[in-house]
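Me: I am new to this structure. Please pick out one part and go through it closely.

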Amino acid sequence: MDVIEVDGLSKRYGTTLAVDAISFTVPAGATVGLLGGNGAGKTTTIAMLLGLLVPSEGRIRVLGYDMARNRFAALARMNFSSPYVSLPHRLTVTENLRVYGHLYNVAGIERRIRALAAELDLEALLDRPAGQLSAGQKTRVALAKSLINRPELLLLDEPTASLDPDTGDLVRGWLERYRAESGCTILLASHNMSEVERLCSHVLMLKRGRIVDAGSPQQLLERYGRDDLVEVFLDIARNRGRVLDEAAA
Amino acid sequence: MPASPRIGAGGRRIWGLMYRHLALYRGSWPRLLELAYWPVLQMLIWGFTASYLASRSGTTVMLAGGTLLGAVLLWEVALRSQMGVAISFLEELWSRNLGHVFVSPLRPWEMVAALIGMSVIRMLTGVLPAILLAWLLYAFNLFSLGPIVVLFFANLMIMGWWVSFGVVSLILRHGAGAEALAWSVLFGLTPFSAVFYPVAVLPAVLRPVALALPSAHVFEGMRAALRDGTIRWDHMAWALGLNVVWMAAATLLFARQFHAARVRGALLSIGE
């Protein structure tokens, strides 16, 4: 079963085409990376998947629900994390998680908060205001918020941006374990090639709003004859990539 | 894993957003103080003014003093209700939390219900101390007007809500640049609301404007109750009818601006 089905999705702001007729699917249990430079359309695509943004054209089905008609049913079973969206700074970590426990109608909120705190090493932070945490601590709290409802689909927008290598590695390791244990599907937008290479079973390469290539990290490396995804990324950024539709034709 | 459906998922989501704001107040005494500060200050200023005038003049001025205190208290109901909704929404915007709220299963009408719930709490926290002070210092008991006070409160609260939905709609349309309206917009309606004087005092050209506002009818009703001890049901009916019309218009505006914000992508960058 495909958890995400995107068909002919476009987003236009005036004369600017931010996302240009992309189509893709994400199967259940997969971790798929959206990889591309600034302005490639990653965040716009994720915003449309979350219902924050209305597409100009195309259709999105998430967990079997048409997002144009029934987005709230899907939103209850998914979650989202981004370093660019904050949690209320004056509320403590516990209060923040409690708020989202209610918003996602989670049973046994306190038990769930304790479990997440233990898993993400947040126990010492629970009574501290979210605004007083370091970037790494905030990322772990944001991750706890995104897992409060045990989502079947997790959308992550650059989850390790601005983290030091050690904390970034911890977060990536935790995501790997969580996906393996829960069977959760993850769609991950990132600039970080090593992160994508490590976490993702499939990668969608975006450029100027279009999917210009796709495949497993290994397939992409072989296709471009490169040793790592950074070089593949640079090949694509410097116009040596292919557009999937054209390649198929 | 959903919780028991007995409470109702919608009810829990509304409570979740209200809890977010209540937790904010619990941890911040300046915020709590701010709720009551202005209504109490207004009451003190106008209360002493009314006392001074009453001591220098006869019963007519005493009655005017009572009318003044009633007007100050009731107008604060509208002001605090309006700010209760608008500032609760702005708190989400300032904390850059709207992205998380809008991708949760919280429906827009549930968000509106939570903001209204917070508005009621904020209004009561702000206005009740002022009412108590008016009774203690000036022996003015607003509730001596009888059960009609409930209708005065209700109509002014509803007016505060639809004004604030207009403000929130403007914030959705124009971003944080429109946030100053959260404090100022209802003050702009004060001259037309006939808070401190009858509608008849206004120039003929402005009277239709005043009579299109529920507040003008509430204050005409308040003056009749204080002056003659009569209940002007005609004014109450007008106030309620106008509130229904204005609330419908504000709800439509909010729904349209919310959808337009989703089309423009403004929900991603509204705090900027």
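Reply: Over all chains, the structure holds 19 salt bridges, a salt bridge being a side-chain nitrogen of Lys or Arg within 4 Å of a carboxyl oxygen of Asp or Glu. This is a predicted model, in which local features need pLDDT of at least 70 and side-chain atom pairs count only at pLDDT 80 or more, while totals for chains, interfaces and linings use all residues. Residues are numbered from 1 along each chain as its sequence is written, chains are lettered from A and ligands numbered from 1 in the order in which they are written, and side-chain values use heavy atoms, with hydrogens and water left out.

In general, side chains of opposite charge can pair when their charged atoms come close. One of the salt bridges joins A:Arg77 to A:Glu152, with 2.8 Å between the closest N and O atoms. This pair links distant parts of the chain, 75 residues apart: A:Arg77 is in the loop between α2 (71-75) and β6 of chain A, and A:Glu152 is in the loop between α5 (135-147) and β7 (153-157) of chain A. Helices (H or I, at least four residues) and strands (E, at least two) are DSSP runs, numbered from the N terminus.

Both β6 and β7 belong to an open sheet of six strands in chain A, with the order β6-β7-β8-β3-β9-β10 and mixed pairing. Its edge strands, each pairing on one side only, are β6 (78-81) and β10 (210-215) of chain A. From one strand to the next, the twist averages 15 degrees. Two strands pair if DSSP finds at least two bridges between them. Strand β9 (residues 202-207) of chain A runs antiparallel to β10(A), and five bridges join the two. Within this pair, A:Leu206 has A:Ile211 in β10(A) as its bridge partner.

Two helices go with this sheet. Helix α8 (residues 217-224) of chain A lies across β9 and β10 of chain A, at about 100 degrees to β10(A). Helix α9 (residues 229-237) of chain A also packs on the sheet, where it touches β3 (31-35), β9 and β10 of chain A, and its direction makes about 30 degrees with that of β9(A). Contact here means heavy atoms within 4.5 Å. Axes are lines fitted to C-alpha atoms, for helices over the stretch in contact, and angles run from 0 to 180 degrees between N-to-C directions.

Chain A also has an open sheet of four strands, in the order β2-β1-β4-β5 and with antiparallel pairing. Its edges are β2 (16-27) and β5 (65-66) of chain A; each has a single partner strand, so one side of each is left without a neighbour in the sheet. β1(A) and β4(A) pair over five bridges in the antiparallel sense, and A:Val6 has A:Ile60 in β4(A) as its bridge partner. Strand β4 (residues 57-62) of chain A is joined to β5(A) by two bridges, again antiparallel, with A:Val62 opposite A:Tyr65 in β5(A). These two strands, β4(A) and β5(A), form a hairpin with two residues between them, and A:Leu63 in the turn has a positive phi of about 50 degrees. Helix α1 (residues 42-49) of chain A lies across β1 (2-13), β2 and β4 of chain A, running at about 120 degrees to β1(A).

To return to salt bridges, the count between chain B and chain A is one. B:Arg26 forms it with A:Glu95, and the closest N and O atoms are 2.7 Å apart. The contact itself takes in 36 residues from chain B and 35 residues from chain A.
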